[in-house]
Amino acid sequence: MKRPSFLLAILFAVVLVTAAPAGAVQFGKLDGNAHPQVGLVLFYDASGAPLWRCTGALLSPTVFLTAGHCTSGAASAQVWFSPGPITVASGYPFTGGDSFGTPITHPLFDNFAEAPANYDLGVVLLSTPQPGPYASIAPIGLLDGLAKNDATFDLVGYGLQDAHPIVADRTRYAGQAKLVNLNNTKTAGYNMQMTAAPGTGGAVCFGDSGGPDFLAGTLQIVAVNSFVQSKFCMGAAFSYRVDTTDSRAFISRFLP
């Protein structure tokens, strides 16, 4: 099937980094200290040059869950958990992260060649252990049981508030979305489609890739943000499910 055109990572080659305020999880609100386990992650190539930024969440002191299209092709990563101002030094967008780490991608991730079987999962193994509280993975099949119950999710991320103009900062935002579909041609049991209604806090944008979709009011992750249908971040949003046997098997390899 055709590869999704608009993944939610930000490529630094095309991003203007400015000090202007920009949000994440479109139409959301400042997260404050509500989700300290959700971090901003920058990925680097083998030479140490920045590639792109994403979002993710701590599952343990050293295991950081994110999207496979974020970890794929990266040699190393650096993670921040505390919001802060932009600092630019030696051409890098951010400095002084909480930990460096090693990216690992789901072995079946194939850059969306076989979508909707995207296997869009990755982890970063942190070199410096981080304090909790930690997120958890939802029980297997949780979403299937919620599909007809108008389920609501808390979205948390460091992405853009608006795709135009493109700006980047280090601020964590949160919003809510509702489940739309688990079984259309773009989901098929692998992904979940969420609402993306302007003004509701229900959309995601570039930089929110890999960010957790929590079952509302909990720290249970049901999916990680994967791709959107619109280059302006206003179309349907899709996340890769973690409440499946395969996803659980991959993630469990790295947990105690």
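## Overall make-up

Of the 256 residues in the chain, 55% are buried. The model is a predicted one. Its chain holds 16 strands and 3 helices. Among contacts with a separation of 6 or more, 72% join residues 24 or more positions apart. The accessible surface of the chain is about 9900 Å², and carbon and sulfur atoms account for 59% of that area.

Strand β13 spans residues 191-194 and is covered on both faces. N191 and Q193 are buried on one side, while M192 and M194 are buried on the other. In a regular strand, side chains alternate between the two faces of the sheet.

β13 pairs with strand β12 (residues 173-181) in the antiparallel sense, over 2 bridges. It also runs antiparallel to strand β16 (residues 237-241), to which 4 bridges join it. M194 takes part in both pairings: L179 stands opposite M194, and A237 is the bridge partner of M194 in β16.

## Nonpolar cores

The largest nonpolar core has 26 residues. Those with the most contacts inside this core are L59, L65, L121, I137, I221, V242 and I251. Two or more residues each come from β4 (38-44), β6 (63-66), β15 (220-228) and α3 (245-252). β4 gives the most, with 4 residues.

Leaving aside residues up to four places away in sequence, L121 touches L65, T66, A67, G68, T105, H106, V224, Y240, V242, S247, F250 and I251. Another core, of 18 residues, lies apart from the largest one and includes L142, F153, L155 and M194.

Terms used:
Residues are numbered from 1 along each chain as its sequence is written. This is a predicted model: local features need pLDDT of at least 70, side-chain atom pairs count only at pLDDT 80 or more; totals for chains, interfaces and linings use all residues. Side-chain values use heavy atoms; hydrogens and water are left out. Buried means under 20% relative accessible area, exposed over 50%, partly exposed in between (1.4 Å probe, protein chains only). Contact means heavy atoms within 4.5 Å. Accessible areas come from the Shrake-Rupley method with a 1.4 Å probe; for residues, only the protein chains shown count as cover. Two strands pair if DSSP finds at least two bridges between them. A nonpolar core is a set of buried Ala, Val, Leu, Ile, Met, Phe, Trp, Tyr and Cys residues joined through side-chain atoms within 4.5 Å.
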